[in-house]
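Let's walk through this model together, one region at a time. Keep the viewer open as you read.

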Amino acid sequence: MTSKAKDIREIVAPFKGIPGATIPVLQAVQNVYGYLPEETFPIIEEEMGIPSSKAYGVATFYAQFRLSPVGKHIVKLCDGTACHVKGSQTLLSSLRDHLGLKDFDSTEDGAFTLEIVACLGCCSLAPVMMIDDVTYGNLTIEKMKDIIESVRKEGDD
Amino acid sequence: MSRTIVRIGYASCGIAAGAKDVLSVVERRMKKGSRKVQLQKTGCIGICFDEPIVEVINDLGQWTYRKVDPARMERIYDEHVLGGVPVYEWTVGELSTDGKKAEKPVFEHQRRIALRNTGVIDPESIEAYLERQGYKALEKVIREMNPDSVIKEIMDSGLRGRGGAGFPTGLKWSFCKKAAGDKKYLICNADEGDPGAFMDRNLLEGDPHSVLEGMIIAAHTIGASEGYIYCRAEYPLAIRRLKIAIEQAREKGYLGDSILGTDLSFDIRLKEGAGAFVCGEETALIASIEGERGMPRIRPPFPAEAGLWGKPTNNNNVETYANIPWIILMGAKEFQKFGIKSSRGTKVFSLAGKINRGGLVEVPMGTTLRRIIFEIGGGIPGDRKFKAVQLGGPSGGCIPTHLLDTPVDYESIMAHGAIMGSGGMVVMDENTCMVEIARYFLSFTQNESCGKCTFCRVGTLRMLEILERITRGDGRESDIDELKDLAELIRTSSLCGLGQGAPNPVLTTLKYFENEYHAHIVEKKCPAGACRELTTFIIDEEACRACGLCRKACPSDAIEGKPGVKHVIVQDRCIKCGSCREVCPFDAVGTG
């Protein structure tokens with residue numbers, strides 16, 4: 001057994017026998033890895049008796065779950081209604097350009113993964129984005145680029 | 001002078017605006033030995049546009065400071081906290097100690113029932129909640145009332161579900177109480193999914209115990225022994241504060257076995273959503289708690305008879321529960337005093353979009369949209385014209401200028417094609433394109449459709465494709481009729497509210513702004529200048545005063561000009577963001 005598989009088994013074990021635990025157990029694995037490694041599903045099947053097909057069906061249904069690794073920082077650009085009317089689409093195209101994203105949502109150097117989210121609930125500060133756990137409001141294109149660069153630098157230190 | 005309280009609005013919005021740095025200043029200053037100062041972190045008081053907010057309270061009164069940064073905080077600390085003299089230039093308006101009277105119209109037309117403690121108490125302290133009559137309603141229910149009298153009180157109050165559908169709460173409880181079964185469940189729907197809505201987030205971040213107390217009262221009334229709060233994962237602070245509140249309530253004996261020494265047992269578990277809008281629908285939410293894909297089920301049977309794990313289940317929204325303790329303590333008659341017709345009490349709205357004072361407001365039902373948007377919300381920034389207000393999120397609709405005097409009650413809003421919804425109000429001005437907004441909502445519902453019903457899954461995609469081509473300038477004359485046909489089919493052939501309501505944004509924009517659709521389809525123009533393919537920004541030579549503001553604002557360096565030389569937009573560098581139009585003080589930027 002790979003060490004990753006062993007680790008995942010340890011994360012999964014406490015959820016054994018709890019009714020309706022599919023989503024919490026997937027959340028617990030993703031909290032550690034940032035995504036759901038392939039090994040997750042057979043382990044959940046063995047440990048919890050939930051068929052892989054079912055857990056995979058749940059994982060692909062909910063927007064929160066990712067099936068591929070993510071960058072060091074996750075940028076959640078809000079496209080809720082308030083952000084939308086305040087120009088989030090322009091921010092999005094500038095941000096993709098700035099990060100050099102083409103077909104994928106992660107930068108080649110693995111520094112950033114971009115996600116579009118429906119609403120962060122900070123509508124009065126629209127347009128808004130969240131990087132990791134920090135929310136930034138009243139964005140302009142310039143301000144957004146500055147924030148991205150300062151986050152990038154923080155990581156270098 | 002006795003002690004001085006310094007309160008900092010420490011909800012997600014305040015933190016995003018920089019409250020953390022302000023807090024550090026106060027903490028550092030307090031360490032230097034001013035023991036008469038007490039620091040409180042509260043939820044959001046609602047004036048989010050002025051965040052970070054700091055309040056200073058002493059024997060002489062209560063002052064609210066706006067847009068506080070660390071430098072302002074230092075001076076406020078020196079002059080007001082230590083010196084006793086308020087820094088008037090930064091205050092919002094003086095509230096009297098009972099929190100009712102305010103000089104600013106922001107609070108003048110508001111009446112806070114659900115938000116009675118939000119922004120006032122420390123949400124992480126059960127003592128602070130207890131000081132404000134917290135858990136007194138629960139005690140009253142247990143010692144002086146029986147389940148039937150509780151249901152009667154709630155029915156008499158006229159409280160209707162605040163999640164949007166407006167079903168009478170007392171009636172819902174009575175169904176679940178009557179349902180046969182030894183095991184019953186209670187759910188609090190905190191999966192606030194409407195984009196542009198943040199009422200429940202603020203309530204949970206600002207006063208989680210009021211929601212818990214409402215739930216415990218409901219559990220006692222219907223006979224439920226287990227409860228779930230289903231909260232979206234996008235609200236990490238709300239989840240953290242709920243966890244703290246649940247733990248505190250257990251320690252004090254309000255949750256768990258033999259609550260307040262009775263044989264009542266009830267406990268609450270927190271479930272984090274995983275990002276699916278459809279889980280706001282109660283049967284989809286139940287499926288999600290059970291660990292399934294969040295797909296709605298056919299009703300009947302209703303959850304009151306067969307809900308979570310097939311057992312009778314009562315499900316209410318966050319705000320509905322938060323109203324319960326107030327109604328029990330103050331009485332149905334007091335609650336009835338607010339509101340009009342069949343909509344009683346107050347409603348919390350989140351005001352956002354093109355509005356001067358965005359934030360959270362709680363007003364009596366029946367307050368007009370005009371009052372909420374213009375008197376409380378301060379109208380539209382930059383003297384631009386109001387165009388519409390969007391109510392009810394992706395299942396709601398856009399209400400135009402000539403209907404601004406509509407009172408906000410369930411039936412009046414519905415009569416105009418929108419829905420009350422959970423309380424999101426997004427204001428749009430003349431620069432917002434209504435066709436593009438319809439496209440935006442359709443792309444949202446298309447994306448969030450669970451896929452169960454064909455018309456919702458495929459029909460919304462067909463509608464979206466039509467709207468996309470209209471906003472691109474490829475619209476056809478037949479498109480409007482086709483949109484209307486599809487809308488009717490989707491509305492009548494979908495199982496749940498997501499599909500049934502999905503066409504509403506299109507139908508209301510067609511109803512009130514059909515001319516904009518025609519402009520896109522026939523003239524290939526976007527009157528609002530929002531659809532990129534159809535818009536060219538041009539600076540009017542006559543009106544331009546060469547002030548340079550647009551040149552500075554342009555993110556793509558597409559504007560050329562110097563002081564004294566009229567400015568010009570270089571079209572092949574223009575990304576059509578409209579920043580130049582937003583900043584121009586002379587209305588010189590137009591669209592062609």
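**A guided tour of chains A and B**

Chain A splits into two domains, with domain 1 covering 3–61 and domain 2 covering 73–156. Taken over C-alpha atoms, the centres of domain 1 and domain 2 of chain A are separated by 30 Å. Please keep in mind that this is a predicted model.

Now let's turn to where the chains meet. On one side, 42 residues of chain B make contact, and on the other, 37 residues of chain A. The elements of chain B that give two or more residues to the side touching chain A are α1 (12–17), α12, β12 (346–353), β16 and α17 (434–448). Of these, α1(B) supplies the largest share, with five residues. If you colour the side of chain B that touches chain A by residue class, you will find 23 nonpolar, 12 polar and seven charged residues.

One of those elements, helix α12 of chain B, spans residues 282–289 and holds S288(B). Is S288(B) buried or exposed? A residue counts as buried if 20 or more other C-beta atoms lie within 10 Å of its own. S288(B) has 27 within that distance, so it is buried. Leaving aside residues up to four places away in sequence, S288(B) touches G273(B), C279(B) and G294(B), as well as I23(A) from the partner chain.

Another helix to look at is α9 of chain B, residues 199–206. Eight of its eight residues are buried, so the helix is largely enclosed by the rest of the structure. The buried residues of α9(B) include the charged-type names D200(B), R201(B) and E205(B), and L203(B) and L204(B) are also among them.

Finally, let's visit a sheet. Strands of a sheet pair through backbone hydrogen bonds, either parallel or antiparallel. In chain B, five strands form an open sheet with mixed pairing, in the order β13-β12-β16-β14-β15. Its edges are β13 (359–364) and β15 (397–400) of chain B; each has a single partner strand, so one side of each is left without a neighbour in the sheet. From one strand to the next, the twist averages 30°. Inside this order, β14 (residues 386–391) and β16 (residues 424–429) of chain B pair in the antiparallel sense over five bridges. To see this pairing residue by residue, find L391(B), which stands opposite M425(B) in β16(B).

Methods. Residues numbered from 1 in each chain as written. Chains lettered and ligands numbered in written order. Predicted model: local features only at pLDDT ≥ 70, side-chain atom pairs only at ≥ 80, totals over all residues. Pairing = 2+ DSSP bridges. Helix = DSSP H or I, 4+ residues; strand = E, 2+ residues; numbered from the N terminus. Axes fitted to C-alpha atoms, helices over the stretch in contact; angles between N-to-C directions. Buried ≥ 20, exposed ≤ 12 C-beta atoms within 10 Å, placed from the backbone. Contact = placed C-beta atoms within 7 Å. Domains from an automatic or database assignment.
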